[in-house]
Amino acid sequence: MKIDVLTLFPGMFAGPLDESIVKRARQAGLLDLRIHNLRDYAHDRHRTVDDRPFGGGPGMLLKPEPLFEAIEALAGEQTRVILLSPAGRVFNQAVARELAQQTALLFVSGHYEGFDERVREQLADDELSIGDYVLTNGALPAMVIIDAVTRLLPGALGDDESAHEESFSQGLLEYPQYTRPAEFRGLQVPEVLLSGNHAEIARWRAEQARQRTKERRPDLM
Ligand SMILES: C[S@@+](CC[C@H](N)C(=O)[O-])C[C@H]1O[C@@H](n2cnc3c(N)ncnc32)[C@H](O)[C@@H]1O
């Protein structure tokens, strides 16, 4: 998969995407990730990317010209262009699975008060929010989505890791998990997990997942 990100803060991406599973996926050639500075597409002396909103009001908006030039240069035929915005549809595991099927994504990260509406109308295939709160810019949302999507790419997770049974994969939260020792400070691991009876274990886990989801996230049921 190819992922391009258009941002005013390329420096924010160094670190989070150079570690762990995303790093491995990049090294293995599963993910071709490129970060682009929006200012490189502004041609005046000050490399201006923003301006005041028509009609007045606080803050600045990202201007259409650098965004149009950058998106048109970076997006190919197959690219899904995704604006990051608190007004977008809310990102979740189902959307992560949907994006993991694509061949190319371009994330357009906003700043200030957001984008000139014509960018949304003319160039965006999708608009995503990572939740009902407002961040200063779209770099963190882009990284969150890239992380969630990358671990779903075939081959990205090692043998010891699995995306099949974790939270949301079956529409439920994950069941409780334990590792050694079987007793720690008097706290026992549930007997069934030590039984070696795989059918019983599967039944217990399914019931725990159902109960936990009902208690914590009834909206998922
Ligand atoms: C300060 S926010 C702009 C908020 C905008 N004025 C509004 O009320 O919707 C600046 C940029 O951060 C990004 N952003 C902030 N919160 C976000 C969220 N919850 N999900 C996705 N992107 C977000 C977007 O790219 C947005 O354009």
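Lysine 63 counts as buried, at 19% relative accessibility, where buried means under 20% relative accessible area, exposed over 50% and partly exposed in between (1.4 Å probe, protein chains only). Residues are numbered from 1 along each chain as its sequence is written. This is a predicted model, in which local features need pLDDT of at least 70, side-chain atom pairs count only at pLDDT 80 or more, and totals for chains, interfaces and linings use all residues, while side-chain values use heavy atoms, with hydrogens and water left out.

Lysine 63 is found in the loop between strand S4 (61-62) and helix H2 (64-74); helices (H or I, at least four residues) and strands (E, at least two) are DSSP runs, numbered from the N terminus. Leaving aside neighbours within four places in sequence, lysine 63 is in contact (heavy atoms within 4.5 Å) with Thr48, Val49, Asp50 and Asp51.

**Nonpolar cores**

A nonpolar core is a set of buried Ala, Val, Leu, Ile, Met, Phe, Trp, Tyr and Cys residues joined through side-chain atoms within 4.5 Å. The largest one has 31 residues, of which Ile3, Leu99 and Phe107 touch the most other members. Two or more residues each come from strand S1 (2-7), helix H1 (20-27), strand S5 (79-90), helix H3 (93-100), strand S6 (104-108) and helix H5 (139-150). H5 gives the most to this core, with seven residues. Apart from this core lies another, of 18 residues, among them Val49, Ala70, Leu74 and Leu106.

Isoleucine 3 touches Leu31, Asp32, Leu33, Arg34, Leu105, Phe107 and Ile146, not counting residues up to four places away in sequence.

**Ligand surroundings**

The ligand is surrounded by 20 residues, each with a heavy atom within 4 Å of the ligand. The closest are Leu84, Gly110, Glu113, Tyr133 and Leu135. This shell divides into ten nonpolar, nine polar and one charged residue; here Ala, Val, Leu, Ile, Met, Phe, Trp, Tyr, Cys and Pro count as nonpolar, Asp, Glu, Lys and Arg as charged, and the others, Gly among them, as polar. S5 and strand S7 (126-129) each supply at least two residues of the shell, and S5 provides the largest share, three residues.

| Residue | Ligand atom | Distance |
|---|---|---|
| Leucine 84, polar backbone atom | oxygen | 2.6 Å |
| Serine 85, backbone N or O atom | nitrogen | 3.4 Å |
| Glutamate 113, backbone N or O atom | nitrogen | 3.0 Å |

On its own the ligand has 580 Å² of accessible area, and the protein covers 83% of that area; accessible areas come from the Shrake-Rupley method with a 1.4 Å probe.

Proline 86 lies in strand S5 and is exposed, with a relative accessible area of 54%. Leaving aside neighbours within four places in sequence, proline 86 is in contact with Ser129, Tyr133 and Val134. Proline 86 and aspartate 132 are 46 residues apart in sequence and 6.6 Å apart in space, C-alpha to C-alpha.

Proline 10 lies in the loop between S1 and H1 and is partly exposed, with a relative accessible area of 30%. Not counting residues up to four places away in sequence, proline 10 touches Ile35 and Asn37. Proline 10 and leucine 106 are 96 residues apart in sequence and 14 Å apart in space, C-alpha to C-alpha.

Note on methods
Polar contact = N/O pair within 3.5 Å; in protein donor to acceptor, adjacent residues only side chain to side chain.
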